[in-house]
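Here are a few friendly notes to read alongside the structure. They follow the charged side chains, one group at a time.

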Amino acid sequence: MLTIVAFIVALALLIAVHEYGHYRVAVACGVKVLKFSIGFGQTVLRWQPKGSPTEFVISAFPLGGFVKMLDEREAPVAAEERHLAFNTQSLPKRAAIVAAGPAANLLLAVLLYALVNWSGVQEPKAVLASPTIGSVAEKAGIQGGETVTRAGWDGEDLEDVASFDELRWLLTRGALDSRDVRLELATSAQGARREVVMALAPLHAQDADAQLFRTIGVLGPWTRPVLGEVMADGAGARAGLASGDLVLRVGNTPIVDGQQLRDTIRSSLSGGQALAQVWQIDRAGQRLDVSVTPEVKPDGLQSIGRISAYVGAPPEMLTIRYGVFDGLWRGVERTWEVSGLTLRMMGRMVVGEASIKNLSGPLSVAEYAGKSASLGFTQYLVFLALISVSLGVLNLLPIPILDGGHLLYYLWEAVTGKRVSDAWMERLQRGGGAVLLLMMSIALFNDVNRLFG
């Protein structure tokens, strides 16, 4: 139920903001708006403010919306109202009305990110866990336990890193944009510093998935190698492990953090069979040796070891909060960064340099809506901001039928001094509809594969 409600609220809000952008600028430009509709299907609510020519409608299925304006191309217009028709407006006014929808979504994203920055959010400290074997982080000399104090593109000035999530975002952008990232690390309580370069450019990453972060070697923040809940009848419970046990060593390998312990458990197989290993644990100050044989569990195309226990203590958290101007500016920066990354990924998908698996459809959006809402209001706001950016950028693509396609028509008009003919407009609209339908089909196919494959 939470997923459905969160999904409907997200769609209704983002569509309403998009259409209100068109509506508000149309009215400001002197265009008569006949109807403002959110959703399709059975009408749930209809009203018309006194003295307004616009009928406002909310329908049962909030999967889209539209703003219907007076237009001679759609219906006859009385001579005395011709100056109120959309098609009779100047080129700058028509372009402003069309661009206002995507612009409203991008402005909403700025506001949502700013609200998160102003209210404050709990995020893990930027302390690195042990890197995965053979990863970029391991090759850079990261051992685990280092605090990232500053980071940036290699060859450019470094900036302060507020949290692990901020670091992860930078690494994601670096991997997808094929840019190396330089980190300044605090390696001791005395404040010793050193710099390392994360060689992300050679990865030529196509997908921002779990495998990418395993390749980078930064899967999560540092955590103490403590066991949480131990499931009854699982491998950990059968071995005698208990919640609160601090793992010091597995076989001859010293364990320094939760990530290393998880990787050790996952890889504790030989020839598809689990290996029994002696664990040294600290239980309430007493050191014990325990023989543990993990269970063999499937993980995609391979098998891994599991002990049916929560591994690793929660990471150390801190509250990230910014002032009015800093919070707003960071909202602008994040919206710009996400927009740029979205455009670059779409461009790379078109030329085959990125996987079309990155396209997500309504099922994935609904799933993420529910998950973010379950994590709290702040995480839901971040989700809304991300989807709002995606909606704004998608509508600016130069595809006929989308706002960006209409802006392309206006660019042609500005260059040639002639409007696109009705015949060509019809052909281009049909082509744009086919492209959009193809994109939606791919996105839906990806959703089904993710959720049910």
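1. Glu333 has a relative accessible area of 33%, so it counts as partly exposed. Please keep in mind that this is a predicted model. You will find Glu333 in helix 8, which spans residues 324–350. On the surface, Glu333 gathers with Asp157, Glu159 and Asp160 in a patch of negative charge.

2. How many salt bridges does a search of the whole structure find? The count is 20, and the next points walk you through some of them.

3. Have a look at Arg73 and Asp71, whose side chains meet in a salt bridge at 2.7 Å, N to O. Arg73 is exposed, at 51% relative accessible area, whereas Asp71 is buried, with 6% relative accessibility.

4. Another salt bridge joins Glu146 and Arg194, with 3.1 Å between the closest N and O atoms. This pair links distant parts of the chain, 48 residues apart: Glu146 sits in the loop between helix 3 (136–139) and strand 4 (147–153), and Arg194 belongs to strand 7 (residues 193–198). Glu146 is buried, at a relative accessible area of 4%, while Arg194 is partly exposed, at 30%.

5. Arg214 and Asp263 also form a salt bridge, their closest N and O atoms lying 3.3 Å apart. Because Arg214 is in helix 5 (residues 210–216) and Asp263 in helix 7 (residues 258–266), the pair ties together parts that are 49 residues apart in sequence. With a relative accessible area of 27%, Arg214 is partly exposed; Asp263, at 16%, is buried.

6. Finally, do visit Arg94, Glu413 and Arg419, which are linked in a network of salt bridges.

Technical notes:
Residues numbered from 1 in each chain as written. Predicted model: local features only at pLDDT ≥ 70, side-chain atom pairs only at ≥ 80, totals over all residues. Heavy atoms only, no water. Patch = residues over 30% accessible without salt bridge, like charges linked within 9 Å, V, L, I, M, F, W, Y side chains within 5 Å. Areas by Shrake-Rupley, 256 points an atom, 1.4 Å probe, with all protein chains shown as cover. Salt bridge = Lys/Arg side-chain N within 4 Å of Asp/Glu carboxyl O. Lys, Arg positive; Asp, Glu negative; His and termini not counted. Charge placed at Lys NZ, Arg CZ, Asp CG, Glu CD. Helix = DSSP H or I, 4+ residues; strand = E, 2+ residues; numbered from the N terminus. Buried < 20%, exposed > 50% of the residue type's maximum accessible area, 1.4 Å probe, protein only.
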